Amino acid sequence: MNVANIFSPKASRIIRVLLTHPKHKWSVLGLSKEAKVGYGHTYRTIKTLLKIGLCRRTETNKIIITNPSELLTRWANYHDFTLLNELSAYYYPFKDINDLIDRLSHVNKKDLKYALTLHAGASLVAPYVRPVNVHIYVKRMNIGEFKCLLNLQLTELGGNVFLVVPYDEGVFYNVQNVRGVWVASNVQLYVDLYNYPARGREAAEYLRKRLIGF
């Protein structure tokens, strides 16, 4: 049996791992453990990827991606950051993103999981567009703590900081520490930016060229 959608939340965890390590040869069990997805669902996802030619089996029966560029492009076209995630708008009176970066760097001491994404995240790894808004992936149970730690004011209009409850916790896979703050992986940044308005596509392609390389 194949999976109906290789970009569903669980299946996208597997896609994310494959794209993060495009030259790695995986056993199904090893991939399921790395992606934190059940063996059965991992097997069905791989079976689907094999069928459509985006993965192949090696001589030792391991799984390897055959065309990471095609798989990344397909995922980016499917992915819609705004529709998939739950966003709450807040206001913080920062002059530029560095003000909030400084505040966020202290959050690390609180052991709270988060990751910057979209233009704010990309500005720290492959700056292209100067961010006017900040989007932060957080766990739902930690929203209150982030509001207090960052001194955010809830607003319905004119927000410049968005706490984002992700559609799946796979978005935290392979986060990177830059300037003392956590940023989503380059692959996650790319798919988040790709269909995002306000020059998201341009920023995504710049990041892909500079850091992803396929």
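Modeller: Contact means heavy atoms within 4.5 Å. This is a predicted model, in which local features need pLDDT of at least 70 and side-chain atom pairs count only at pLDDT 80 or more, while totals for chains, interfaces and linings use all residues. Residues are numbered from 1 along each chain as its sequence is written, and side-chain values use heavy atoms, with hydrogens and water left out.

Colleague: Which residues of helix 1 meet helix 3?

Modeller: From helix 1 come Lys 10, Ala 11, Ile 14, Ile 15 and Leu 18, and they meet His 41, Thr 42, Thr 45, Ile 46 and Leu 49 of helix 3. By class, this contact has six nonpolar, three polar and one charged residues. Ala, Val, Leu, Ile, Met, Phe, Trp, Tyr, Cys and Pro count as nonpolar, Asp, Glu, Lys and Arg as charged, and the others, Gly among them, as polar; Lys 10 is therefore charged.

Colleague: What makes Arg 13 a lining residue of the largest pocket?

Modeller: A pocket is an open set of points on a 1 Å grid over the protein atoms alone, where a 1.4 Å probe fits, with protein on both sides within 12 Å along at least five of seven lines; lining residues have an atom within 4 Å of a point. Arg 13 is listed in the lining, so Arg 13 has such an atom. The lining divides into four nonpolar, one polar and six charged residues, and its largest share, three residues, comes from helix 1.

Colleague: How many charged residues line the second largest pocket?

Modeller: That lining has no charged residues, with six nonpolar and five polar. Leu 19 and Asn 174 are among them.

How values were computed
Helices (H or I, at least four residues) and strands (E, at least two) are DSSP runs, numbered from the N terminus.
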